[in-house]
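User: I am new to this structure. Please take me through its strands, its confidence and its charged pairs.

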Amino acid sequence: MPWEMHPIARDEIYRIGYEAIRNACKHSGASRLEVELRYAHDLALLVSDDGIGIDPTIADRGKDEHFGLQGMRERAARIGGKLTLRSSSNSGTEIRLIVPGGIIFRKMTPGQRSSFTRSLFARIRTLFR
């Protein structure tokens with residue numbers, strides 16, 4: 001059965017993912033970047049790289065005049081999610097966000113479900129024109 005995401009939570013998750021990917025591309029020196037989004041009982045986002053890692057002081061407190069990591073933490077807290085960061089100089093960085101399904105997903109009524117399905121198929125059709 002399809003589940004609709006709360007739009008504010010969806011946007012915050014997008015922004016967290018964007019910032020994690022941007023930081024990895026800009027700072028990590030990685031040769032590999034993986035992004036995984038799992039849409040199951042809970043929503044899980046994982047962004048990992050094989051780069052140089054993040055200095056522990058920066059990972060804990062962020063950088064002066066920079067709001068990337070702190071902003072991600074604040075966004076996660078705002079939507080009831082849990083953001084974890086693991087990093088080391090020899091294995092890169094992993095940022096994981098878990099948002100409980102009861103917070104982000106709303107069950108659809110039968111009418112919403114058929115409307116959602118029609119709109120999904122309409123969007124897919126436009127991709128193949």
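## Strands, confidence and salt bridges

Analyst: A hairpin joins E4 to E5 through 3 residues. The model is a predicted one.

User: In which sense do strand E4 and strand E5 pair?
Analyst: Strand E4 covers residues 82-88, and strand E5 covers residues 92-99. Their pairing runs over 7 bridges. The sense is antiparallel.

User: Which residue in E5 does Ser-87 stand opposite?
Analyst: E4 and E5 are joined by a hairpin. Opposite Ser-87 stands a residue of E5, Thr-93.

User: Which element has the lowest mean pLDDT?
Analyst: The protein as a whole has a mean pLDDT of 82, and 73% of its residues reach 70 or more. Among the elements, E5 has the highest mean, 96. The lowest, 58, belongs to helix H5 (residues 110-127).

User: Is Glu-94 buried or exposed?
Analyst: Buried means under 20% relative accessible area. Glu-94 has 17% relative accessibility, so Glu-94 counts as buried.

User: How many salt bridges does the count come to?
Analyst: One of them joins Arg-10 and Asp-11 at 3.3 Å, N to O. Arg-10 is partly exposed at 40%, and Asp-11 is partly exposed at 31%. The count comes to 8 salt bridges.

Terms used. Residues are numbered from 1 along each chain as its sequence is written. This is a predicted model: local features need pLDDT of at least 70, side-chain atom pairs count only at pLDDT 80 or more; totals for chains, interfaces and linings use all residues. Side-chain values use heavy atoms; hydrogens and water are left out. Two strands pair if DSSP finds at least two bridges between them. Helices (H or I, at least four residues) and strands (E, at least two) are DSSP runs, numbered from the N terminus. pLDDT is the predictor's confidence in each residue, from 0 to 100. A salt bridge is a side-chain nitrogen of Lys or Arg within 4 Å of a carboxyl oxygen of Asp or Glu. Buried means under 20% relative accessible area, exposed over 50%, partly exposed in between (1.4 Å probe, protein chains only).
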